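Biologist: I would like to learn how to read the pockets and the aromatic pairs of a structure. Where do we start?

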Amino acid sequence: MIRIDAFYSDRSGGRPPVTDTLTDEAADPEPPASDDHAFFGHPRGLLTLSGLEVWERFSFLGMQAILVLYFADSVAGGGLGMNPGTAASVSAAYGTMVYLVSVGGGWLADRILGSYRAVLWGGILIAVGHYSMAFPTPAMTWAGLGLISAGTGLLKPNVATMVGKLYRTEDERRDAGFALYYMGINVGAFLGPLITGWLGDHKGWHWGFSAAAIGMTFGLIQYVAGRRHLAGRKASAEFELSPRAMRRAVRLIVAGLLAVAVLATALALAGWLTMDRFVDVLTVVSVIAPVAYFAVMFRSPRVTDEERGRLRPYVVLFLASVVFNFILFQAYSTMMLLASTNARTEILGFHFPASWYASALGAFEVALAPVVAAVWSRMGPRQPHASNKIAFGVILGGLSFLLMVLPTSGHSDDTYQMAVWWIVGSYLLLGLGDILLETSGMSATTKLAPRAFASQTMALWFLSLALANGIQAQTVKVYGTVSNVAYFGVNGAVAVLAGLAVVAAAPWLRRTMHPVH
């Protein structure tokens, strides 16, 4: 689903750092024009980048809304014939891979490609991946998912950074500009499942994948057409490596990719690298990566004692993000499976595809984000501390799962059909929780990060999403083998308890999270 930075960065999926250090004239030889007010009072480049995100989220989340249903559908029905638990696990593994690759995508943009080219090549890989999935063969499906993962890893960490470069540091339009950008993200998240879901349900899954491909193509066309309105569009990277270091880095990257490809092929041919083991490997990597990041930061001599003290509460925020996103990402896996088998798909005589439920999440976030922002603005200094906002977000995520216990309990078989409003209500709680957690979490990340690790700390936030998906990839394997009451009840209860634990730690967090309020 969708990522937010102070209401305005992307999810997901999403949603990357926007730091002031890259927005002043010294950092960017192509500073934005301060008198550009062509797009609702904002720079025209905002229209270009917001338009790209509309189509990127349209394609990414539109495809993801039907992906697990495609995996679980019978071969005769055009799917891959996986059992529900395996389908959800593979879908989660795909999300894990996307967020793991995103960490490298930011580095490539900073050191080798530059933001503009990173986003461009990322979009091209995404489009090619979706076109690959339009071909009804399993091999093209897996190739397409690999390309989309690589492309999203290049695109997502860099688009929001380019939005930040449209404004000088002191420009008062900055926050409002990110609000418009965020709205564009969720417009795509709302529309994508509607189009791809209808095509997948009425024409076939690969028709839905084709729509995602066409959407990404539209995004690329308008991105290139609007290039002249973008700041920071130069060909070179802002922190480009020296020519010698560049050649060495490129050789290492190419050699590493080839080695991984050869090893994976050899293990697959030998029968060892099965789908289940591949999922397990991604889960292990998703655990090791953040642990290694934290260890390096805590032990680095470039981190002061004061900064190290602020890292300790950040560990709590990181774990809270993992717990919440473990629930959030299942909006596109187990919740889709539940909707397809046990939810009504009719309102006032109108029948709709089960995947349309996923659009509710984007719609709620578009509607609720400005409301929440207005509430915090009105409360001013009386608003809850950032740690409590995060805790409330985690609790709401848990409640969204606990809500599913009510309509799924008391049934001796699996033929019942719950009313539409149960799943819609669950997504309402989940959307509100996402707004509370992500706005405060990513904002706190930029303030708690050690100065020497500012960008890497935001990459660490991405790794919380990878870890959430990695854990989900293992947990969802039991979906379909236990009752829905047990599955949603246990997972929801764990999330609520985790949120309450953060509330209990609030006094310590308030003391140690300075200057976060």
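Modeller: Start with the helices: α2 (84-113), α3 (115-133), α4 (138-164), α7 (243-269) and α8 (275-299) each give at least two residues to the lining of the largest pocket. Helices here are DSSP runs (H or I, at least four residues), numbered from the N terminus. This is a predicted model, where local features need pLDDT of at least 70, side-chain atom pairs count only at pLDDT 80 or more, and totals for chains, interfaces and linings use all residues. Residues are numbered from 1 along each chain as its sequence is written, and side-chain values use heavy atoms, with hydrogens and water left out.

Biologist: Which helix gives the most to the lining of the largest pocket?

Modeller: α7, with 12 residues. In total 33 residues line this pocket, and V101, I253, G256, L257 and V260 lie nearest its centre.

Biologist: How is a pocket defined?

Modeller: On a 1 Å grid over the protein atoms alone, a pocket is an open set of points with protein on both sides within 12 Å along at least five of seven lines; lining residues have an atom within 4 Å of a point.

Biologist: How are aromatic pairs described?

Modeller: By the distance of the ring centres and the angle of the planes. Rings of Phe, Tyr and Trp (its six-membered ring) pair if their centres lie within 6.5 Å; planes under 30 degrees apart count as stacked, over 60 as edge-to-face and the rest as tilted. The whole structure has 18 aromatic pairs. One of them joins F352 and Y357, edge-to-face, at 5.4 Å centre to centre with 75° between the planes.

Biologist: Which residues form a cluster through ring pairs?

Modeller: Y70, F71, W142 and F209.

Methods:
1 Å grid on protein atoms, 1.4 Å probe; cavity = no way out; pocket = protein on both sides within 12 Å on 5 of 7 lines; lining within 4 Å.
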